[in-house]
Amino acid sequence: MKFKVFCATDENYVEMTHVMLHSLLANSRPAVSRIDLFGWHLSEGSARAFEALAPDLVHVHRLNDLPAVLEPIRFRIVDMVPTWLRLVAPDMIPADEEKLLYIDCDCIIDRDIGELAALDMDDDLFAAVADFAEAKHPAWLQRLGLPQGTPYFNAGVMLFNHRLYVDGGWSRKAVALTLADPDRLKLHDQDVFNTLVTGDWTRLPPSFNAHASSAKTKHGDGAELFAGAHIIHYVGKRKPTDEDCLHAARDVYRRYRAETVHAGRPLRKAWKREVFNHLRIALGKLKRFAARRGLRVT
Ligand SMILES: [Mn+2]
């Protein structure tokens, strides 16, 4: 038994997505039956480079318009389309008995994860790793109207029960839930997925999404969390593609990066990241403002 993989990116995250997929193929290629990459306004060149990673496995979907099912929530998602594509992407991949694994672009697969193919998920929609920010969960659960104590997962690595998700029409339920109360969803689609299943999800060991707060990782702390992990998730604004990243597993990331076509690229300067992030946030507000007034922006 194998599993399928999907991810989503735009041109800004091509490099990280490429390195993530390379690390997956380096460690788990025999376990993967296909990889679907959803590229929002992706260039021809970037698409070809993804396909070159594994021509027999990689299917690039170049999207320049929102899938119709996401149209009702356009006003909410126009500034983070790749993130929100997750809700509907499983419907755009042929569903069968194999599971479907979503992986964030800021992850590295550092061990064979083939055992996920045979994981017992009962009738759960998802398997995932509990989110690290336990101290914040009571407030998050209150915001989402979920009972206190409901386990909340990090959506950076999610194993979908593919057949169940598609046959159950869960993408439409997710869109309806988003439409019902969009301002509750501060953590975007992660909040949607957690609300959909209210704690009924299969626990994966932390090693399948080893992450910690950026307060911890920005000084290089928490090395014990990442040593020997199957999947390392570099949460926070400083990524290992940034010059000033001090993440304890930074060198693991850069070792994989050095094996890709992005090896020779200079790391991003801190000031460039700050300018980029501020622009992205400002532009996002503007896009959502316009979309709320019915203007078609992408
Ligand atoms: Mn992430």
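**Fold and helix packing**

Guide: In the protein chain, 74% of the contacts between residues at least 6 apart in sequence join residues at least 24 apart; two residues are in contact if their C-beta atoms, placed from the backbone, lie within 7 Å. This is a predicted model, in which local features need pLDDT of at least 70 and side-chain atom pairs count only at pLDDT 80 or more, while totals for chains, interfaces and linings use all residues. Residues are numbered from 1 along each chain as its sequence is written.

Visitor: What radius of gyration would a compact globule with 298 residues have, and what does the protein chain have?

Guide: The globule would have a value near 19 Å and the protein chain has 18 Å, which agrees. The radius is taken over C-alpha atoms, and the globule rule is 2.2 Å times the number of residues to the power 0.38.

Visitor: Why are helix 7 and helix 8 called roughly perpendicular?

Guide: The axes of helix 7 (residues 170-180) and helix 8 (residues 188-197) cross at roughly 110 degrees and come within 10 Å. Axes are lines fitted to C-alpha atoms, for helices over the stretch in contact, and angles run from 0 to 180 degrees between N-to-C directions. Angles of 65 to 115 degrees count as roughly perpendicular, and the two helices are therefore described in that way.

Visitor: Which residues of helix 7 and helix 8 meet?

Guide: Trp170, Lys173, Ala174, Leu177 and Thr178 in helix 7 meet Val192, Thr195 and Leu196 in helix 8.

Technical notes
Helices (H or I, at least four residues) and strands (E, at least two) are DSSP runs, numbered from the N terminus. Angles under 35 degrees count as roughly parallel, over 145 as roughly antiparallel, 65 to 115 as roughly perpendicular and the rest as oblique.
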